[in-house]
Amino acid sequence: MKRRILLAGGILATVGLSLLPFLWFVLTSFKSQTEIEAVPPTWWPSGSLEFYRAALFDHHLFDYVLNSVVVAGSTTLLALLFAIPAAYALARLTIPGKRGILAVLLCVSMFPQMAIAGPVWRLLDTVGGLNHRWGVVLPYVALTLPLAIWILASFFKELPPELEDAARVDGCGPWTTLFRVMLPLATPGIFTAAILILIYAWNEFFFALLILTQPEQQTLPVGIALFQGEFTMPWGELAAASVVATLPLIVVVLLCQRWIVSGLSAGAVKG
Amino acid sequence: MAELELCNISKSFRDLTVLRDISLQVPNGSFTILLGPSGCGKSTLLRIIAGLDTQTTGQVLIDGNEVDHLPPAARDIAMVFQQYALYPHLSVRENLAFALKMRRVARHVIDDRIAEAAQLLEIQPLLDRKPKDLSGGQRQRVAMGRAIVRKPKLFLFDEPLSNLDAQLRTSMRIELKKLQQRLQATMIYVTHDQVEAMTLGDRIVVIESGRIRQADEPQRTYAAPADPFVASFIGTPPMNLWEGTLTTGDGESVFRSHDLILPLPATLLPPHPPQKSRVTLGIRPEDIALQEKPGAIQVEGLVELVEDLGADLLLHCRVGDLRMVVRTARQGDRIQDQPMRLFFPFDKLHLFIENRRYDPPNAPT
């Protein structure tokens with residue numbers, strides 16, 4: 001009993017500690033300018049929606065949300081499109097130097113962004129990708145692929161190979177086996193990878209700032225960062241915009257959570 | 001329904017040879033068992049027949065046609081796996097329909113076949129469940145159903161009962177036998193369980209170290225094992241086998257193995273028995289008699305341990321420094337630690353010369 005109380009207390013403390021800054025932002029976003037600047041601070045906001053209006057209409061927040069949805073969405077789809085067949089092949093086929101390939105992939109994902117920023121910019125400049133949303137999608141896909149392949153490969157490896165034998169006997173080729181038998185079983189892995197890619201692409205700041213210089217293409221992190229004026233720090237608008245930026249991600253993660261259930265492959269084989 | 005022929009199949013993984021020169025004919029409608037200890041290559045052979053693995057050399061022929069270049073799906077075979085391998089995301093009905101859908105069989109035909117197989121296997125109430133909601137025995141039935149709906153030329157079973165508990169295994173074994181008789185299908189069944197092999201098959205192919213040791217009817221495999229390995233592998237408890245030397249002189253032959261010295265009549269031996277050659281002599285535990293009978297060799301043994309099996313007793317005896325097991329009916333007297341006269345009937349002795357069975361020309365077997 002004592003153990004359980006300690007455990008519960010620990011969990012509450014950890015969750016509280018992580019949620020507190022976010023909670024403060026949510027509270028701040030509903031305050032008025034006077035409430036924000038008040039000393040001592042006001043805890044409970046008056047419920048003003050002024051900052052939301054300002055963020056959405058004066059700062060074109062909707063455009064940023066739309067850009068982020070397009071960029072993060074296409075990054076996730078593209079990365080999965082490449083990662084799924086690659087991971088399946090790496091998990092199952094006998095490829096010479098397979099371990100080497102996986103190791104190199106891991107190294108690639110560890111490259112510091114700063115080190116590749118220059119070359120990426122030059123490359124995109126050559127192919128005309130600067131100031132296009134697809135210009136950031138390309139490096140995002142490249143940077144998230146290694147992790148996605150690693151996650152998916154380990155999921156595919158866990159699936160019983162007898163299922164593939166059964167599928168072959170039943171008349172499936174490699175692609176049908178992948179799509180009709182293996183993919184449905186790897187759903188938890190796919191959603192795990194998808195969420196990680198989505199969060200990365202949604203939050204990425206550095207490349208977005210480098211590649212997208214026009215407000216019409218900029219994503220949420222860059223857009224919000226540029227709220228800052230020369231002499232002013234619009235805390236209220238920033239708070240409101242951050243809440244708007246975070247909500248879609250929370251919704252998506254919560255929706256996907258029910259797909260990330262383990263034991264989906266239970267019943268395939270004994271055990 | 002089909003016949004299968006294997007011609008000189010060999011299989012190596014790098015420098016490891018798993019199968020050596022396997023040739024086998026499986027006639028139409030036969031229930032053939034591939035029996036052997038684990039790691040003997042029997043499952044690999046089954047996978048080669050299925051097309052899941054490729055042999056290093058040799059040919060697989062189904063109905064006289066070479067199928068080596070064909071993928072598993074094109075060979076018209078169905079396979080039941082040891083781990084069932086049901087598709088967990090599909091219901092039982094969809095599992096049964098899967099292979100037929102892949103072959104673009106018409107919907108109403110699929111429905112008919114599923115209904116037929118479900119009735120045969122008594123799994124109608126399970127059709128809309130997912131595999132995870134089934135017990136081991138039920139999953140096994142579904143796995144068989146998935147093979148049956150295909151109406152394939154060949155059924156391949158890879159140790160399908162080894163994951164079930166003992167009781168269920170016995171009842172599924174009986175059902176499987178009935179099923180085979182009803183379907184009149186050609187079935188090839190891999191197992192390491194000699195009881196399954198004896199009861200199910202109409203032919204047993206004993207494989208060891210990648211070689212066929214004997215391919216025969218179950219009764220003959222039991223009564224006339226081709227070599228000491230088959231003799232020791234089939235039968236519980238296994239046959240008593242002694243390695244020794246055969247000495248012939250003055251018209252009498254004597255088998256010696258440690259303290260066991262047995263004079264053997266000339267009728268049991270080849271016309272010109274090899275001098276001082278290494279031979280193996282065997283006798284099944286149930287063939288050793290405790291009562292004197294004509295045409296038997298008598299030895300003096302000591303009963304070291306008695307195992308009571310309920311119906312029978314197993315006597316673990318010692319003759320000098322040799323050990324042997326005798327299976328006999330229950331008896332009242334206390335016999336443990338008692339000396340005992342053992343009789344080896346001549347016609348029950350198995351003689352192996354150079355690891356091959358020797359049968360005298362006029363032997364009844």
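Student: What share of the contacts in chain B with a separation of 6 or more comes from residues 24 or more positions apart?
Tutor: In chain B, 66% of the contacts with a separation of 6 or more are between residues 24 or more positions apart. Two residues are in contact if their C-beta atoms, placed from the backbone, lie within 7 Å. This is a predicted model: local features need pLDDT of at least 70, side-chain atom pairs count only at pLDDT 80 or more, and totals for chains, interfaces and linings use all residues. Residues are numbered from 1 along each chain as its sequence is written, while chains are lettered from A and ligands numbered from 1 in the order in which they are written.

Student: How many helices and strands does chain B have?
Tutor: Chain B has eight helices and 20 strands. These are DSSP runs numbered from the N terminus, helices being H or I of at least four residues and strands E of at least two.

Student: And what percentage of chain B is buried?
Tutor: Of its 365 residues, 38% are buried. A residue is buried if 20 or more other C-beta atoms, placed from the backbone, lie within 10 Å of its own.

Student: Why is helix α2 of chain B largely enclosed?
Tutor: Helix α2 (residues 92–102) of chain B is largely enclosed by the rest of the structure because eight of its 11 residues are buried. Among them are B:L96, B:F98 and B:L100.

Student: Which elements do they pack against?
Tutor: The buried residues of α2(B) pack against α3 (107–121) and α4 (136–148) of chain B. Just after α2(B), B:R104 has a positive phi of about 55°.

Student: Changing topic, what is the strand order in the open sheet of four strands?
Tutor: The order is β2-β1-β4-β5 in chain B, with antiparallel pairing. Strands pair if DSSP finds at least two bridges between them. The edge strands, β2 (16–26) and β5 (65–66) of chain B, each pair on one side only.

Student: Which helix packs on that sheet?
Tutor: Helix α1 (residues 42–50) of chain B does, touching β1 (4–13), β2 and β4 of chain B.

Student: Lastly, how many bridges join β16 and β17 of chain B?
Tutor: Eight bridges join β16 (residues 312–319) to β17 (residues 322–329) of chain B, and the two strands run antiparallel. They form a hairpin with two residues between them, and B:G320 in the turn has a positive phi of about 60°. B:V319 has B:L322 in β17(B) as its bridge partner.

Definitions and conventions
Buried ≥ 20, exposed ≤ 12 C-beta atoms within 10 Å, placed from the backbone. Axes fitted to C-alpha atoms, helices over the stretch in contact; angles between N-to-C directions.
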